[in-house]
Amino acid sequence: MTIDKLYNQIYNDESTKNSDTFIDIFETHKDLIVGSNVSQNTEIHNQVMRLTADYAHNLTTRENYKKAQPQID
């Protein structure tokens, strides 16, 4: 899977509006997201940043602050 496909899957599917679903999908693909080279592609950079920010937001809505903190920093 590519970042672009993952991004489209998450943001085009209404079920990912549920925090648990979003977190599960993100954590399943965390290596792909974290390991992406964002320095040479603005679109991938923006997608990775949005995914990471939304992941941190969803963690905080689940009151998992310990896990959210490193994402915010």
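Tutor: Gln47 is buried, at 5% relative accessible area, where buried means under 20%, exposed over 50% and partly exposed in between, for a 1.4 Å probe and protein chains only. The model is predicted, with local features requiring pLDDT of at least 70 and side-chain atom pairs pLDDT 80 or more, whereas totals for chains, interfaces and linings use all residues. Residues are numbered from 1 along each chain as its sequence is written, and side-chain values use heavy atoms, without hydrogens and water.

Gln47 belongs to helix α4; helices are DSSP runs of H or I with at least four residues, numbered from the N terminus. Apart from neighbours within four places in sequence, Gln47 contacts Ile3, Asp4 and Tyr7, a contact being heavy atoms within 4.5 Å.

The partner helix is α1 (residues 3–12), whose axis comes within 10 Å of that of α4 and crosses it at roughly 45°; axes are lines fitted to C-alpha atoms over the stretch in contact, and angles run from 0 to 180 degrees between N-to-C directions. The two helices are therefore oblique to each other, since angles under 35 degrees count as roughly parallel, over 145 as roughly antiparallel, 65 to 115 as roughly perpendicular and the rest as oblique. In α1, Ile3, Asp4, Tyr7, Ile10 and Tyr11 meet residues of α4 including Ile44, Gln47 and Leu51.

Asn41 lies in the loop between α3 (30–34) and α4 (42–61) and is partly exposed, at 32% relative accessibility. A polar atom of the Asn41 side chain lies 3.0 Å from the backbone nitrogen of Glu43 and one lies 3.1 Å from that of Ile44.

Technical notes:
Polar contact = N/O pair within 3.5 Å; in protein donor to acceptor, adjacent residues only side chain to side chain.
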